[in-house]
Amino acid sequence: MNAEAIATEHAARLSAADSLLPLSEPLDTFAEGPVFEVTKGDSGATGRATHTEVTPDISYSLWRALKEHRLSVRLAGSQSDELLGDLLVRWDEYLTSVAAPGDWDTAAVVVRPSRDTIGSAELLRHGFAPVRVLAVRPADRLAASGPPAEPGVRIRPAEAADHDTAVRLHTELLRYDAEFGGVSVRASATEILAAEVAGQIGRGNPTLWIAELYGRPLGLLQIQLPPESDWVSSYTRADRVGYLTTLSVAEQARSSGVGSALATHAHQLFDEAGAEAVLLHHALANPRSTPFWCSQGYRPLWTYWQRRPAVR
């Protein structure tokens, strides 16, 4: 089975498994890297290894390891799971030549369509864990009257006076999510988040919102509307996509309705902008995020399998 046949069967299987997956593989947009290919009988698998690095002074460094190695895989045939294991062996041999063993700020990542579970056991055997997902919620047009109000909750655009509150809520969420291995709390985190919040406040089309509970600012929402959210559109078949960047609720306001009110508000904004689907990332092991986002209509679209450090 040649690479073209593998790609064709891989795409057909994914299209049948999930109608919201893109028709082409979004991960091939990463930088070029070595390609591994294994075949057996009627089955075949290919994997492209890529490597990206970021510095700890930029925003993206908070959401990943500084040095990230990825393997983009395509699987075809009845023995796909076994061949994925063979690909991982080939990739591991390569990683030992390019990554320092034991370096926590390196990660090996395989991003798989969530409903394509073939080979999950092989990933586990090679030390990978499903750390986070890119979740999707198809558009749900609201009635003209809008969503029902949550008692005691008022949502408004963030103002200059909210800067420190927004940074605090961002930081609380970052530190909590860091417990699950998908994000990193860096020495520059507060400075990075403060600059990001300052850039969001006062925009003509608000993207940063504050939720007050009986007058106290205890919740935060940050969103990206098209075209700002176009960077994530290649991960789904929907044409117009919104991205929910952050939803954070202070610990003392959890289970008060603030989170649900912010999510409802976000969905109304996305609907008004004509988004066909909304995407967001969340940690799978987070005992609050996973059930919350499920209750808001989201489901996993892509699963990030990670091993950190990349080489142990």
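Analyst: In this predicted model, Val278 touches Ala135, Val136, Arg137, Gly242, Leu244, Phe270 and Tyr298, leaving aside residues up to four places away in sequence. Val278 belongs to strand β10, which covers residues 277–283. With a relative accessible area of 4%, Val278 is buried, because buried means under 20%. Ser233 is 45 residues away from Val278 along the chain, and the C-alpha atoms of the two are separated by 9.6 Å.

Ring pairs join Tyr298 with Phe292 and Trp293 in a cluster.

A pair of aromatic rings is described by two values, the distance of the centres and the angle of the planes. The count of aromatic pairs comes to 7. One of them is formed by Tyr176 and Phe180: the ring centres are 5.4 Å apart and the planes stand at 90°, so this pair is edge-to-face. Tyr176 is buried at a relative accessible area of 17%, and Phe180 also counts as buried, at 18%.

Tyr235 and Trp302 form another pair. Their ring centres lie 5.9 Å apart with the planes at 90°, which means that the pair is edge-to-face, since planes over 60 degrees apart count as such. This pair links distant parts of the chain, as its members are 67 residues apart. Tyr235 is in the loop between β8 (216–224) and β9 (241–249), while Trp302 is in strand β11 (residues 299–307). Relative accessibility is 10% for Tyr235, which counts as buried, and 1% for Trp302, which is buried too.

Charged side chains also lie over rings. Arg254 sits over the face of Tyr176, at 5.5 Å from the ring centre; Tyr176 is the ring already described as paired with Phe180. Arg132 lies over the face of Tyr304, 4.3 Å from the centre of that ring.

Ser61 is in the loop between β2 (43–53) and β3 (67–76), and at 0% relative accessibility Ser61 counts as buried. A polar atom of the Ser61 side chain lies 3.4 Å from the backbone oxygen of Pro56. Not counting residues up to four places away in sequence, Ser61 touches Val54, Thr55, Pro56, Leu66, Ser184, Arg186 and Ile192.

Definitions and conventions. Residues numbered from 1 in each chain as written. Predicted model: local features only at pLDDT ≥ 70, side-chain atom pairs only at ≥ 80, totals over all residues. Heavy atoms only, no water. Phe/Tyr/Trp six-rings, centres within 6.5 Å; stacked < 30°, edge-to-face > 60°. Buried < 20%, exposed > 50% of the residue type's maximum accessible area, 1.4 Å probe, protein only. Helix = DSSP H or I, 4+ residues; strand = E, 2+ residues; numbered from the N terminus. Lys NZ or Arg CZ within 6 Å of the ring centre and 35° of its normal. Contact = heavy atoms within 4.5 Å. Polar contact = N/O pair within 3.5 Å; in protein donor to acceptor, adjacent residues only side chain to side chain.
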